[in-house]
Amino acid sequence: PTMSRTDTWHGADYARHSTLQAAMADEVLAHLPLRGDEQLLDVGCGDGKLTARIAEQLPRGEVLGVDASADMVAYAQQQFGTDAWPNLRFEVADARQLDFGPRFDRVVSFNTLHWVPQQDQALRGIRRALKPLGQAHLRLVTRADLTSLEEVAEAVRREPAWAAEFDGFSDPCLRLDAAQYAALATGLGLKLLSSRSAMKRW
């Protein structure tokens, strides 16, 4: 699959319609252990709102938010400029092409990685970005026992009656369950400290 992708995300729209994503991230942030001096990378920072909340908890640290969408990053930079947020920066970067050395104590990602089918590439980049004792805290939607709407749509578009209409289209979603995802991560050199999976009603 091609590594280029049309940027269809808009930061201002996302900021107005991301209440669900923020609620899901809150569950992770409530249990994120921080001293206040960490170097932290947020993969898939979106509009920057959650990244800025983390920066507030790191007065002696630094936070870098990255997103594949230039519009998202521009919006985040506008909303959370360096004058008011000297420990916070935003850059355009694809989760599949993270090019950081081992400089981060924490890598976080909220509701982003299930949009990355090339998960091995993302996890390798996350592993490279972590310091030797660094930790990654990843929140994503994995495949569940119940069939999702996205899986139904994928099955329909593969049917003979529709396949020709979707010529060249590739499934944009990750299709691993929680156990498969954990196995992939450990197979790529990450040590699994904890894993929780639950069905949610939002």
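Let's start in the loop between β4 and α5, where asparagine 111 is found; helices here are DSSP runs of H or I with at least four residues, strands are E runs of at least two, and both are numbered from the N terminus. Asparagine 111 has a phi near 60°, a positive value in a residue other than glycine. As a reminder, most residues other than glycine have a negative phi. Is asparagine 111 buried or exposed? Asparagine 111 has 9% relative accessibility, so it counts as buried. I'm using buried for under 20% relative accessible area, exposed for over 50%, and partly exposed for in between, with a 1.4 Å probe and protein chains only.

A quick word on what you're looking at. This is a predicted model, so local features need pLDDT of at least 70 and side-chain atom pairs count only at pLDDT 80 or more, while totals for chains, interfaces and linings use all residues. Residues are numbered from 1 along each chain as its sequence is written, and side-chain values use heavy atoms, with hydrogens and water left out.

Now the overall picture. The protein has eight helices and five strands, and from the N terminus on the elements run α-α-β-α-β-α-β-β-α-β-α-α-α. Of its 202 residues, 41% count as buried. The accessible surface comes to about 12,000 Å², with 52% of that belonging to carbon and sulfur atoms; areas come from the Shrake-Rupley method with a 1.4 Å probe, and for residues only the protein chains shown count as cover. If we take contacts between residues at least 6 apart in sequence, 75% of them join residues at least 24 apart, where contact means heavy atoms within 4.5 Å.

On to the sheet. In what order do the five strands come? They form an open sheet in the order β3-β2-β1-β4-β5, and the pairing is parallel. Two strands count as paired if DSSP finds at least two bridges between them. At the edges sit β3 (88-92) and β5 (130-139), each pairing on one side only. From one strand to the next, the twist averages 20°; for angles, axes are lines fitted to C-alpha atoms, for helices over the stretch in contact, and values run from 0 to 180 degrees between N-to-C directions.

Have a look at β1, which is mostly covered: four of its five residues are buried. Five bridges join β1 to β2 (residues 62-67), and the two run parallel. Glutamine 39 stands opposite glutamate 62 in β2. β1 (residues 39-43) is also joined to β4 (residues 104-110), by three bridges and again in parallel. Aspartate 42 has valine 108 in β4 as its bridge partner.

Helix α5 (residues 119-129) lies across β1, β4 and β5, running at about 140° to β5. Over in strand β5 we find arginine 139, which is buried, with a relative accessible area of 14%. Its C-alpha atom is separated by 7.9 Å from that of threonine 112, 27 residues apart along the chain.

Next, charges. How many salt bridges does a search of the whole structure find? It finds six, a salt bridge being a side-chain nitrogen of Lys or Arg within 4 Å of a carboxyl oxygen of Asp or Glu. Arginine 96 and aspartate 94 meet in one of them, at 2.7 Å from N to O. Arginine 96 is buried, at 7%, and aspartate 94 is buried too, at 18%. Arginine 89 pairs with glutamate 91, with the closest N and O atoms 2.8 Å apart. Here arginine 89 is partly exposed at 38%, and glutamate 91 is partly exposed at 30%.

Last stop, the surface. Val156, Trp162 and Phe166 form a nonpolar patch with about 270 Å² of accessible area together. Patches are made of residues with over 30% relative accessible area and no salt bridge; like charges are joined within 9 Å, and nonpolar side chains (Val, Leu, Ile, Met, Phe, Trp, Tyr) within 5 Å. Phenylalanine 166 is in the loop between α7 (160-163) and α8 (178-187), and at 33% relative accessibility it counts as partly exposed.
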